[in-house]
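User: I have a model open and want to learn how to read it. Can you take me through it step by step?

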Amino acid sequence: MAKAKQAKGNTGDGAKTVTVTLVKSPIGFQKVQGKVVQGMGLRKINHSVTLKDTPETRGMIFKVRHLVTVSE
């Protein structure tokens with residue numbers, strides 16, 4: 001029962017999000033960086049996705065900070 005209440009509490013509308021936009025192609029960079037871009041759901045240049053603002057997402061953004069722009 002405690003887990004169910006905990007799960008409900010984490011799905012609030014007040015969750016912070018960040019919008020990430022791919023502004024440069026990952027071609028010509030390390031393959032790992034291309035995989036990170038794909039993992040964030042970015043497909044082509046100027047494509048934007050909205051992601052939850054978590055430490056994991058921030059780490060992915062940090063890896064490809066030269067390829068993307070971020071707005072909160």
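Analyst: We will go from the overall layout to one helix, then to the charged side chains. Keep in mind that this is a predicted model.

User: Start with the layout. How many helices and strands does the protein chain have?

Analyst: The protein chain has 3 helices and 3 strands. Next, read their order along the sequence. Here the pattern is α-β-α-β-α-β.

User: Which contacts should I look at in the protein chain?

Analyst: Take contacts between residues at least 6 apart in sequence. Of these, 72% join residues at least 24 apart.

User: What share of the 72 residues is buried?

Analyst: Buried residues account for 24% of the 72.

User: Now a single helix. How do I read its sides?

Analyst: General idea first. An α-helix has 3.6 residues a turn, so residues three or four places apart point the same way. Now the case here.

User: Which residues of helix 2 are buried?

Analyst: Helix 2 spans residues 31–39, and its buried residues are Q33, G34, V36 and V37. They cover an arc of only 160° around the axis, which puts them on the same side of helix 2. The other side carries K31, V32, K35, Q38 and G39, which are exposed.

User: What do the buried residues of helix 2 pack against?

Analyst: Their packing partners are strand 1 (17–22) and helix 3 (55–63).

User: Pick one residue on the other side. Is V32 buried or exposed?

Analyst: V32 belongs to helix 2. Its relative accessible area is 56%; over 50% counts as exposed, so V32 is exposed. V32 and V64 are 32 residues apart in sequence, and their C-alpha atoms are 9.6 Å apart.

User: What follows helix 2?

Analyst: G41 follows helix 2, and its phi is positive, near 95°.

User: On to charges. How should I think about salt bridges?

Analyst: Side chains of opposite charge can pair when their charged atoms come close. A search of this whole structure finds 2 salt bridges.

User: Which residue forms a salt bridge with D53?

Analyst: R58 does, and the closest N and O atoms are 2.7 Å apart. D53 is partly exposed, at 28% relative accessible area. R58 is also partly exposed, at 32% relative accessibility.

User: And which residue does E72 pair with?

Analyst: E72 forms a salt bridge with R58, with the closest N and O atoms 3.2 Å apart. E72 lies in the segment after strand 3 (68–71) and R58 in helix 3, so the pair ties together parts that are 14 residues apart in sequence. Because the salt bridges share partners, D53, R58 and E72 join into one network. As for accessibility, E72 is exposed, with a relative accessible area of 76%.

User: Last, the rings. How many aromatic pairs does the structure hold?

Analyst: It holds 0 aromatic pairs. A ring can also be checked against a charge.

User: What sits over the ring of F62?

Analyst: The charged end of R65 does, 4.1 Å from the ring centre.

Technical notes
Residues numbered from 1 in each chain as written. Predicted model: local features only at pLDDT ≥ 70, side-chain atom pairs only at ≥ 80, totals over all residues. Heavy atoms only, no water. Buried < 20%, exposed > 50% of the residue type's maximum accessible area, 1.4 Å probe, protein only. Helix = DSSP H or I, 4+ residues; strand = E, 2+ residues; numbered from the N terminus. Arc of directions from axis to C-beta. Contact = heavy atoms within 4.5 Å. Phe/Tyr/Trp six-rings, centres within 6.5 Å; stacked < 30°, edge-to-face > 60°. Lys NZ or Arg CZ within 6 Å of the ring centre and 35° of its normal. Salt bridge = Lys/Arg side-chain N within 4 Å of Asp/Glu carboxyl O.
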